[in-house]
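Hello,

Have a look at it first, and then read on when you have a moment.

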Amino acid sequence: MTKKDVFNLTVQCVVKEIEENGFKFIKSKERIIRKTDDGYDAILFRVVDYCTSFQIVFDIRTRTNVVEDILNKFMADCMNPQFMSLTETIIMSYQELSNSKVNYIEIASDEQLNIAISEIIGLITGIGMDFFEQNKNVEKVNVRKKNAILYEHKGLGMHHDRRTLMQSLILMKLCNDPDFDLLKYKYKELYVPFDGEEISGPKAIDDLISYLENM
């Protein structure tokens, strides 16, 4: 059993279960994808080879074009334009889907792989499909993104990345959320730039806020 075997069998089995819902594997995008009215739903798999075992890592994602198209106007300093069509708005990890203590499924045999695939299919066809359905509504996406920033990571010492904060600002503005006027200042305080973005990062947030205020 090789890393490629694990990946291919996992993807094939998952697609077989959900293709009737419009999903298919797009090799060039390395995702299982279903197009939506304003973007796409996606499932992303990665397999890590540890010689004696493999770890399967996966998450589910949605892209809302109206959000990402605005966001990417302000990401040119740190992102290759060729990848901008693959930026996603909301991501839910295996750990969140399963309430596992780790963010991967470890397997070392064919039997364990089959058990892992069954678990993955159960999560995707259950919680996953509910996730995709809920995130068709931009109002719900706005609440989910904002709550993740303000509450889910509170007290964990985690810094909020520029992309997440900017996505939330865009969503609030699109939804006419009154929190926009308050949180545009709070988000600037939460933001800690990555190395090399000490100047460009805060400027991008300021530029985005000005753009949104004039929409």
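Let me begin with the aromatics: Phe 23, Phe 131 and Phe 132 form one aromatic cluster. Rings of Phe, Tyr and Trp (its six-membered ring) pair when their centres lie within 6.5 Å; planes under 30 degrees apart are called stacked, over 60 edge-to-face, and the rest tilted.

Before going further, please keep in mind that this is a predicted model: local features need pLDDT of at least 70, side-chain atom pairs count only at pLDDT 80 or more, and totals for chains, interfaces and linings use all residues. Residues are numbered from 1 along each chain as its sequence is written, and side-chain values use heavy atoms, with hydrogens and water left out.

Back to the rings. The whole structure contains 6 aromatic pairs. Phe 131 and Phe 132 make an edge-to-face pair, because their ring centres are 5.6 Å apart and their planes meet at 70°. Are these two phenylalanines buried or exposed? Buried means under 20% relative accessible area, exposed over 50%, and partly exposed in between (1.4 Å probe, protein chains only). Phe 131 has a relative accessible area of 3%, so it is buried, and Phe 132, at 0%, is buried as well.

Next, the interior. In soluble globular proteins, nonpolar side chains tend to be buried together. A nonpolar core here is a set of buried Ala, Val, Leu, Ile, Met, Phe, Trp, Tyr and Cys residues joined through side-chain atoms within 4.5 Å. The largest one has 55 residues, and Ile 43 and Phe 45 touch the most other members. Helix H4 (residues 110-134) gives the largest share of this core, 10 residues. Helices (H or I, at least four residues) and strands (E, at least two) are DSSP runs, numbered from the N terminus. A second, separate core has 5 residues, including Ile 26, Tyr 40, Ala 42 and Leu 86. Contact means heavy atoms within 4.5 Å. Not counting residues up to four places away in sequence, the contacts of Ile 43 include Phe 23, Phe 58, Ile 124 and Phe 132.

Which backbone oxygens does the side chain of Arg 63 reach? One belongs to Met 84, at 3.0 Å, and another to Thr 87, which lies 2.8 Å from a polar atom of that side chain. A polar contact is a pair of N or O atoms within 3.5 Å; within protein, one must be able to donate a hydrogen and the other to accept it, and residues adjacent in sequence count only if both atoms are side-chain atoms. Arg 63 sits in strand E4 (residues 54-64) and counts as buried because its relative accessibility is 6%. The side chains of Asn 72 and Thr 87 are joined by a polar contact of 3.3 Å. Asn 72 is in the loop between helix H2 (65-71) and strand E5 (90-93), and with a relative accessible area of 9% it is buried.

Two loop residues have a positive phi without being glycine. Cys 51 has phi near 70°; this residue is in the loop between strand E3 (39-49) and E4, and at 75% relative accessibility it counts as exposed. Asn 176, with phi near 55°, is placed in the loop between H6 and H7 and is exposed at 66%.

Cys 13 is partly exposed, with a relative accessible area of 26%.

Finally, Lys 3 is found in helix H1 (residues 3-18) and is partly exposed at 42%. Beyond its neighbours within four places in sequence, Lys 3 is in contact with Val 47, Asp 49 and Phe 54.

Best wishes
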